[in-house]
Amino acid sequence: MPKTQPAKPDLRLVSAEAEVYDLMRAPATTADRVKRLQLEARALAVEQIEALEKLLLQASAMAREIADGGEAYPVGARELAGRLASDLPARAQTLKAVASRSL
């Protein structure tokens with residue numbers, strides 16, 4: 001039985017501007033609050049983009065299995081899965097590049 005590698009921890013670098021925010025303390029100004037919320041929204045957006053990239057790569061792997069599955073799968077399904085298997089990694093890479101440019 002093959003041994004599986006333990007999952008790698010999700011390590012992220014935190015920018016120098018990052019700070020621990022005391023939720024019990026009122027923001028100094030509305031502008032401070034807006035800035036904090038915008039930073040939080042950007043962080044959540046990056047997490048969601050990373051999750052989508054991961055799902056696209058998983059879908060590509062599943063599509064490759066179907067494309068290589070032989071007679072068990074209908075011909076049209078194998079052909080479509082083959083195209084998806086080759087297209088999805090490129091789409092994931094494009095998504096990652098677009099997201100990194102906007103940060």
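Author: Happy to! Let's begin with Asp87, which is partly exposed at a relative accessible area of 32%; buried means under 20%, exposed over 50%, and partly exposed in between, using a 1.4 Å probe and protein chains only. This is a predicted model, where local features need pLDDT of at least 70, side-chain atom pairs count only at pLDDT 80 or more, and totals for chains, interfaces and linings use all residues. Residues are numbered from 1 along each chain as its sequence is written, and side-chain values use heavy atoms, leaving out hydrogens and water.

The side chain of Asp87 meets that of Arg91 in a salt bridge, 3.3 Å from N to O. Such a bridge is a side-chain nitrogen of Lys or Arg within 4 Å of a carboxyl oxygen of Asp or Glu. Arg91 counts as exposed, at 52% relative accessibility. Both residues sit in helix H2, four residues apart, so about one helical turn separates them; helices here are DSSP runs (H or I, at least four residues), numbered from the N terminus.

The structure holds three salt bridges. Another joins Glu40 and Arg36, at 3.7 Å from N to O. These two lie in helix H1, four residues apart, about one turn of the helix. Glu40 is partly exposed at 41% relative accessibility, and Arg36 is partly exposed too, at 22%.

Asp68 also forms a salt bridge, with Arg64, their closest N and O atoms being 3.7 Å apart. Here Asp68 counts as exposed, at 56%, while Arg64 is partly exposed, at 36%.
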